Amino acid sequence: MNKEKAMTDSKHYLRIASDFRHEGEILSIKPYGDGLINDTFKVTTSGDGPDYILQRINSSVFKNVGMLQDNIRKVTGHLRKKKTEAEEADIDRKVLKFIDSKNGENYIYDKDTGNYWRMMVFIPEAYTYESVTPENAYKTGLAISRFHSDLADMDERIGESIPHFHDMAFRLEEFREAVAADKASRAGSVRDLIDEIEARAYDMTAAERLYSEGKLPKRVCHCDTKVNNLLFDKDGNVMTVIDLDTVMPSFIFSDYGDFLRTAANFTAEDDPDIKKAGFNPAIFKSFTQGYLEGAKDFITMTETVMLPFAVRLFPYMQCVRFLGDYINGDTYYKTKYPQHNLVRARNQFALLESIERYDSDGAMASFIASCI
Ligand code: ADP
Ligand code: GN1
Ligand code: MG
């Protein structure tokens, strides 16, 4: 980036951050984190007050920012109320705290650039990881089921910040449209993967059928439980679940399956060395034990039976989404090189095949049965 642009950007970020009701004087604003959708910055301030996280919300992905921010307000408000009632300590480290703009709104629309921004208090001495140990996986399972149980009695309704987000039937329709349009002339080179996706399409849409038959409920879920969307303390305990953009009603196993998609893969989701991608049973077992221990009071039998399905569904769904974006010419996910989305899709497919091999004799269901 040239110097002049960097100067213009930093002045712009400073103007945006200054429009929020923060404490102290802003000393610096630097890019932070590794998300694929929004842009995240750390805002460092002077004095004893907090530092902050400033985020530019990707409004081509989140088309209704008002609803998105309202969902987050309701969810963080409910979590805070639960923890206050339970007289828990350190609530500001356990629930995200967003700050209002000087106009009293929970986000800013900058009409000069057409961008939406929000700001929250930075939680110090918190750690994010890209992978977990079996011990951390157990604690993470407990934390995610706690997140579900805390939100189970939320009275206020929340909307779908991205309609049909984890709806596999819809994702396949979208994928088929991308293949038919073939905008970037890439479909011909990935026929093998398209065929693998199609061969599994009926099986992978089982949850939507159960839902339409009234056999599977939707509950408030996080819908993006990647390992790096959890904040841990220095002892490896989960302090809080972050990145609440996709909190919405979904199948409870979304968060279970999506966590294992990143945590139980031996490598990162975009490792081009596909041979390294594969399913780690030790993480699956620890996380499942933790999750079921916390979920036993609310999870139904159908939801429990669907857990092995969810472990396969999320690498599959992610493969479909990454490959669809590759075929469309990389319009959704941030990419660092032209084949990035294809590498991600092949990595997720390798993980899926590894899961299929591990579970070919029903190993997952047997393990789950031993936990309940
Ligand atoms: P995205 O993944 O969309 O860029 P996140 O909300 O996940 O955005 O934030 C990116 C990173 O910033 C996280 O992985 C985490 O390390 C850090 N982070 C986010 N919110 C906080 C917070 N309130 N306190 C401390 N660190 C945070
Ligand atoms: C995106 O924003 P981020 O990086 O946490 C995506 C998730 C995918 C994930 C794959 C809104 O999450 O659904 O699982 O990338 N979020 C959205 O890494 O599409
Ligand atoms: Mg994130």
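**View 1. Asp224 reaches ligand 2 through its side chain, with a polar atom 2.7 Å from one of the ligand's oxygen atoms.** As you explore this site, keep in mind that the model is predicted. Lys226 also takes part, placing a polar side-chain atom 2.8 Å from an oxygen atom of ligand 2. Leu36 contributes through its backbone instead: an N or O atom there lies 2.8 Å from an oxygen atom of ligand 2. On its own, ligand 2 has 440 Å² of accessible area, and the protein covers 97% of that.

View 2. Ligand 2 sits in the largest pocket.

**View 3. Ligand 1 makes polar contacts with both backbone and side-chain atoms, including a backbone atom of Ile123 and a side-chain atom of Thr128.** The polar backbone atom of Ile123 is 2.7 Å from a nitrogen atom of ligand 1. Thr128 brings a polar side-chain atom to 3.0 Å from an oxygen atom of ligand 1, and for Asp243 a polar side-chain atom likewise lies 3.0 Å from a ligand oxygen. The protein covers 93% of the 540 Å² of accessible area that ligand 1 has on its own.

**View 4. Stepping back from those contacts, 17 residues surround ligand 1.** The closest are Thr40, Gln55, Ile123, Asn229 and Asp243. This shell divides into 8 nonpolar, 8 polar and 1 charged residue. The space that ligand 1 takes up is the largest pocket. Two strands, β3 (52-57) and β6 (115-121), are the elements giving two or more residues to the shell.

**View 5. Cys223 has a positive phi, near 70°, although this residue is not a glycine.** Look for Cys223 in the loop between β7 (219-221) and β8 (230-232). Is Cys223 buried or exposed? Cys223 is buried, because its relative accessible area is 1%, under the 20% cut-off.

**View 6. Asp182 is another non-glycine residue with a positive phi, about 45°.** You can find Asp182 in the loop that runs between α5 (168-181) and α6 (191-204). With a relative accessible area of 24%, Asp182 is partly exposed.

Conventions: Residues numbered from 1 in each chain as written. Chains lettered and ligands numbered in written order. Predicted model: local features only at pLDDT ≥ 70, side-chain atom pairs only at ≥ 80, totals over all residues. Heavy atoms only, no water. Polar contact = N/O pair within 3.5 Å; in protein donor to acceptor, adjacent residues only side chain to side chain. Areas by Shrake-Rupley, 256 points an atom, 1.4 Å probe, with all protein chains shown as cover. 1 Å grid on protein atoms, 1.4 Å probe; cavity = no way out; pocket = protein on both sides within 12 Å on 5 of 7 lines; lining within 4 Å. Sits in = over half its atoms within 2 Å of the grid points. Helix = DSSP H or I, 4+ residues; strand = E, 2+ residues; numbered from the N terminus. Buried < 20%, exposed > 50% of the residue type's maximum accessible area, 1.4 Å probe, protein only. Near = heavy atom within 4 Å. Nonpolar A, V, L, I, M, F, W, Y, C, P; charged D, E, K, R; others polar.
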